[in-house]
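Here is a short briefing on salt bridges and helix packing. Please have the sequence and model open.

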Amino acid sequence: MHSRIRISVSLLPASAVLLVACTSNPPEKPNNALATAQQAITLANREVTQKAQSVPLYEAEKKLNQARSIIGNPDATEEDYARARRLAEEATLDARLAQAQAAAYQAQARKIELGETLETLRENLQLEGAE
Amino acid sequence: MNRRALTCLLVAALLTACSATPMQQELPALERARQAVAAAAADKEVHGYATVPLLRSQDALRAAQTAWTQEEDRARAEHLAYMAMRHAQIAQALAAEQAGAAQAELIMEQLNVLQLQARSHQIEELKEQLSKLEPKQTAEGIVLTIGDVLFAFDSAELSAAADAPLDKLASFLREHANDQVRIEGYTDSVGPMAYNQQLSERRAQSVADAMKARGIASGRMTVAGYGEANPVAPNSTEAGRARNRRVEFVILGAGVPEVIGELQGNVR
């Protein structure tokens with residue numbers, strides 16, 4: 001029993017060596033993913049009129065900041081970079097959702113406004129016709 | 001012996017590992033993603049306007065499920081599930097925007113049709129009103145006459161009955177803002193000529209003031225009095241004299257507007 005444990009434990013250094021081997025390659029920073037996220041946030045900021053109400057935009061900005069601080073860390077591992085990439089990718093979709101929601105809101109508001117104008121005009125015409 | 005033991009251990013460890021991984025366990029992120037993708041897939045507007053983001057969400061959901069059940073990579077599964085959820089939500093938002101814009105476009109078309117109707121209705125009404133003002137075509141332009149109701153004998157004060165025709169004239173002038181107008185006052189033949197001359201000028205002026213009060217720029221209007229000249233009816237009867245106590249609008253239109261053009265046709 002005792003010897004079995006020792007064997008399995010002895011595997012650990014090997015895997016550790018493997019991990020070290022992986023990290024020894026200069027890890028690539030997910031700069032493109034971060035730039036894409038920044039771009040999406042900039043676009044969303046132009047469209048979103050009620051920034052205090054857009055949770056996705058808030059989340060986008062928060063995640064991009066997290067991703068930035070991860071890749072800004074000189075001791076960041078490849079795993080950290082993978083996490084930063086995921087955060088940036090999520091931030092991109094958060095921002096796109098914020099933008100799409102704002103556009104949908106505006107389209108809806110325009111539709112309602114036009115509908116009211118139409119209704120008023122219709123009523124006026126009916127009143128005139130009844131005169 | 002040792003080897004066999006090791007093999008046993010490895011197999012046992014693998015089995016344990018398998019049963020210990022949360023393979024049967026549901027990942028909350030995955031469940032949220034599944035619901036979001038299902039909602040988008042059930043949205044008619046998404047199929048009409050946002051098929052591509054829907055497909056992206058379904059792809060990401062499949063990848064997330066694979067990452068969870070086969071690769072056992074929780075971080076990747078959660079990330080992909082999140083992406084799937086967002087793609088699905090984006091699909092619904094984009095579809096709502098497009099559908100809203102399309103509906104707004106339809107309403108806009110109805111509005112245009114109705115506005116055209118309202119406009120022609122207005123023109124009809126105006127034509128009817130103006131035809132009561134005895135339009136005449138002269139070398140200078142169109143002449144509209146407001147008689148009968150405007151003034152009492154020996155008075156330049158507009159009667160209450162003058163309000164309605166004056167309103168119509170004002171709205172006509174507002175619609176044809178480029179035309180200059182000359183307002184000419186006339187009297188009946190009772191009384192001294194010089195007095196009637198002054199009275200006619202005061203009558204023209206009080207009509208110009210009434211027009212100004214209705215928003216017509218005074219720069220567009222000139223005022224003239226012609227006393228008892230140019231009677232439109234015999235001065236021998238009271239009815240004729242009432243018609244002669246009048247104000248004429250001469251619309252000095254370079255571009256004679258369509259309504260007037262049609263009215264000319266009616267008069268001829």
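**Salt bridge within a helix**
- R62(B) and D59(B) sit three residues apart in helix 4 (residues 51-69) of chain B, so about one helical turn separates them.
- Their side chains form a salt bridge, 2.8 Å from N to O; the term requires a side-chain nitrogen of Lys or Arg within 4 Å of a carboxyl oxygen of Asp or Glu.
- D59(B) is partly exposed, at 45% relative accessibility (buried is under 20% relative accessible area, exposed over 50%, partly exposed in between; 1.4 Å probe, protein chains only).

**Basis**
- This is a predicted model: local features need pLDDT of at least 70, side-chain atom pairs count only at pLDDT 80 or more, and totals for chains, interfaces and linings use all residues.
- Residues are numbered from 1 along each chain as its sequence is written, chains are lettered from A and ligands numbered from 1 in the order written, and side-chain values use heavy atoms, leaving out hydrogens and water.

**Other salt bridges**
- The count over all chains is 17.
- D94(A) pairs with R86(B), with the closest N and O atoms 2.6 Å apart.
- That pair crosses between chains, from helix 4 (residues 78-130) of chain A to helix 5 of chain B.
- Both D94(A) and R86(B) are buried.
- A salt-bridge network links E59(A), K63(A), E90(A), D94(A) and R86(B).
- R214(B) and D167(B) also form a salt bridge, 2.6 Å from N to O.

**Helix packing in chain B**
- The axes of helix 2 (residues 28-41) and helix 5 (residues 74-131) of chain B come within 8 Å and cross at roughly 25 degrees.
- These two helices of chain B are therefore roughly parallel (angles under 35 degrees).

Technical notes
Axes are lines fitted to C-alpha atoms, for helices over the stretch in contact, and angles run from 0 to 180 degrees between N-to-C directions. Helices (H or I, at least four residues) and strands (E, at least two) are DSSP runs, numbered from the N terminus. Angles under 35 degrees count as roughly parallel, over 145 as roughly antiparallel, 65 to 115 as roughly perpendicular and the rest as oblique.
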